[in-house]
Amino acid sequence: MAAQETSQSATFRYAFGNVLSFSVLLLIGVMAFSIRLFSVIKYESVIHEFDPYFNYRVTQFLTKSGVYDFWNWFDDRTWYPLGRVIGGTVYPGLTLTAGALWRILNSVNIPLSVETVCVFTAPVFSAFASWATYLLTKEIKGPGAGLTAAALLAMVPSYISRSVAGSYDNEAVAIFALIFTFYLYIKTLNTGSLFYATLNAIAYFYMVCSWGGYTFIINLIPMHVLLCIVTGRYSPRLYIAYAPLVVLGTLLAALVPVVGFNAVMTSEHFASFLVFIIIHVVALVYYIKGLLTPQMFKVAVTLVVSVGMILCFAVLAVLIALVASSPTKGWSGRSLSLLDPTYASKYIPIIASVSEHQPPTWPSYFMDINVLAFLVPAGIIACFLPLSDASSFAVLYIVTSVYFSGVMVRLMLVLAPAACIMSGIALSEAFDVFTRSIKFHLLGVTQNPQDNAGDTTNVTQNDVKSEKSEDTIKERPSRKSKKKEKENTEKPSLVSRVEKKLLVLPLETSVIAVFLLVLLGAFYVVHCVWAAAEAYSAPSIVLTSRSHDGLHVFDDFREAYAWLSHNTEVDDKVASWWDYGYQTTAMANRTVIVDNNTWNNTHIATVGTAMSSPEKAAWDIFNSLDVKYVLVVFGGLVGYPSDDINKFLWMVRIGGGVFPHIKEPDYLRDGQYRIDSQATPTMLNCLMYKLSYYRFVETDGRGFDRVRNTEIGKKHFKLTHFEEVFTTHHWMVRIYKLKSPRNRIRGKTKKSKSQKSVSSTSSKRSGTTKKNPWQ
């Protein structure tokens, strides 16, 4: 009777725990979605940044024309006169996901616009990412750690910065795909299920469709498999978790047009193939070991290892032959920048010029992950108590992500899930110890110490049984292993579990520790809410600033694009620096010379050379590209620091990398970049300087630049080859038109005196005198 009551009580507690976990997960999803809506509440439902505008334009085309037209779409409004094949050069995961959501909502009579769906895609998938984090952490350390990690990820600032409402970029869905792929890998590793292995390959395919960062997965998982093999933790479950992923995942990845044969031809994927060969050799050795006697096994191992070495050397020879012809040895420029942080600044300035490719500063870690930076070491220690295949993967994940985040500030986004997982494990283990200690002391006041001892003994015995069954399912090295090896692997884990159950801290210490942890969590929540509301909610296309006289809104970008849309011809070409190409095409519907895709370095260098050249030479370059308007961004009047003058040295470097007559020292005075009276003549006469500071002295009488905090060097000058056609209210965007040259008259004849007098008389009557625009 007592056993039946105990069983019913356990069943009730289990059911109640599941319902409570589900409710908490639902609240975490709501919180993850809600905390990212500050941008919509404070501003409006608008697309943010630069790249999201291209994704929004592609999604509009997809919903109007369909999938087949999308795959074959040749966009003639970008990279004029080259154009761009959109279907073969874009990662389609985000676009197809948003398009599918739009169709599903409209099919159930929820008539949302495409823009609205794009704005809210990132917040929705942030909730999915939190739930995927729960599943992954649960497989590593249990449901308590999973719930904590999910709550931390739902509001970590690093992830919020790329998933606020309106941030319609690839990372909006890619982080969910990344975490979910890792979860399915660990789930397969723990269960040995081929079903989960197949789902893992499909999840990896979705990740390949979504983001170029899929190479992180296809390198991290082989590293973990190799680590397990080297440390003697090979098992059939490891083989099932890895082999189908490589085979099915690679075949599916090759179906994505932007990847294609790169899935088997580039160096980023070679590590997975090498480990694939190694795991088959190891599997063959274990299989032969179970069939042969020890003497025959030694002979067979020698043969297998010899054949395996020959195969490995043959594969390496083929790989070396494939990559030898490439100057980068088969690696992409961004991958080489991760392996060698100085590579981009030396050889590919276009990559180094992007702000998100710069290494982060130490304060950015505290800003983006806050107190998690201090909890990660504790989580790493907890993963070793005891160490399992799943926990070793978590440790490897955090170590690699810390390195990559130190190379590029953009990859702080990859660090965020790992930091949340480790911090969730640390907080869960700490709360487990402290609450157990408090419970022990409170129960010890009312119960007999002998009963407490008996309860502890029972708990320990139950833990021994559960530990044995858990090791049999999850941590068994191999079914072919010796019984002695199995006992040796179980003993440390069992002892650690018993010692953990017997660990009891003083009551006062436990209460104070719980209070401090709650206080730490409250500080983290306050920081995350502030970051979501203030630091990462403002869209870059609509700027605000606060001063003593209130809030000021700068909507100059949309003002300029609206002017282009309403006052220029549809087939006019607009030249600007590549940062503004996507927005110009999407919002003004005008053809651009370069944009944010940056696939053609020579084309970008041509625009950089034009901006760095004198006015006449720049006019010749733009005229050869059939450019009619030139757009520059200038922040000297209102103090906007991300203007073209601050980016100008990158234009010089990129242009000089292709056209040697552009030399960076010509624009520097004693190694310093200056725009005042000490600036070099080359700097004062280049097109970028003239287009930015034309008529600037009229604003305050002295031409004081609020970004550079100095008076400009050349204040009074006229434009001969360009004419100003529009300047926004706050002077942040300035648009110039190329002047048309005079028609050349073949066979010039001298004018007679009468003709000259007639022409002079007519010009005087009209009140204007014609002036040669080239003088």
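Author: Buried means under 20% relative accessible area. Keep that cut-off in mind. The model here is predicted.

Reader: How many salt bridges does the structure hold?

Author: A salt bridge needs a side-chain nitrogen of Lys or Arg within 4 Å of a carboxyl oxygen of Asp or Glu. The structure holds 24 salt bridges.

Reader: Take Lys 187 and Glu 139. Is Lys 187 buried or exposed?

Author: Lys 187 has a relative accessible area of 17%, so this residue is buried. Glu 139 counts as buried too, at 12%. Their side chains meet in a salt bridge, 3.2 Å from N to O. Lys 187 sits in helix H10 (residues 171-191) and Glu 139 in helix H7 (residues 114-141), 48 residues apart.

Reader: Which parts does the salt bridge of Lys 42 and Glu 534 tie together?

Author: The N to O distance for this pair is 3.5 Å. Lys 42 belongs to helix H2 (residues 38-42) and Glu 534 to helix H26 (residues 507-535), so the bridge ties together parts 492 residues apart in sequence. Lys 42 is partly exposed at 38%. Glu 534 is partly exposed at 45%.

Reader: What is the relative accessible area of Lys 628, and where does its partner Asp 572 lie?

Author: The closest N and O atoms of Lys 628 and Asp 572 are 3.9 Å apart. Lys 628 lies in the loop between helix H30 and strand S7, Asp 572 in the loop between helix H27 and strand S5. Lys 628 is partly exposed, at 30%. Asp 572 is buried, at 7%.

Reader: Which residues are linked in a network of salt bridges?

Author: Arg 162, Asp 169, Glu 171 and Arg 410 form such a network.

Methods
Residues numbered from 1 in each chain as written. Predicted model: local features only at pLDDT ≥ 70, side-chain atom pairs only at ≥ 80, totals over all residues. Heavy atoms only, no water. Helix = DSSP H or I, 4+ residues; strand = E, 2+ residues; numbered from the N terminus. Buried < 20%, exposed > 50% of the residue type's maximum accessible area, 1.4 Å probe, protein only.
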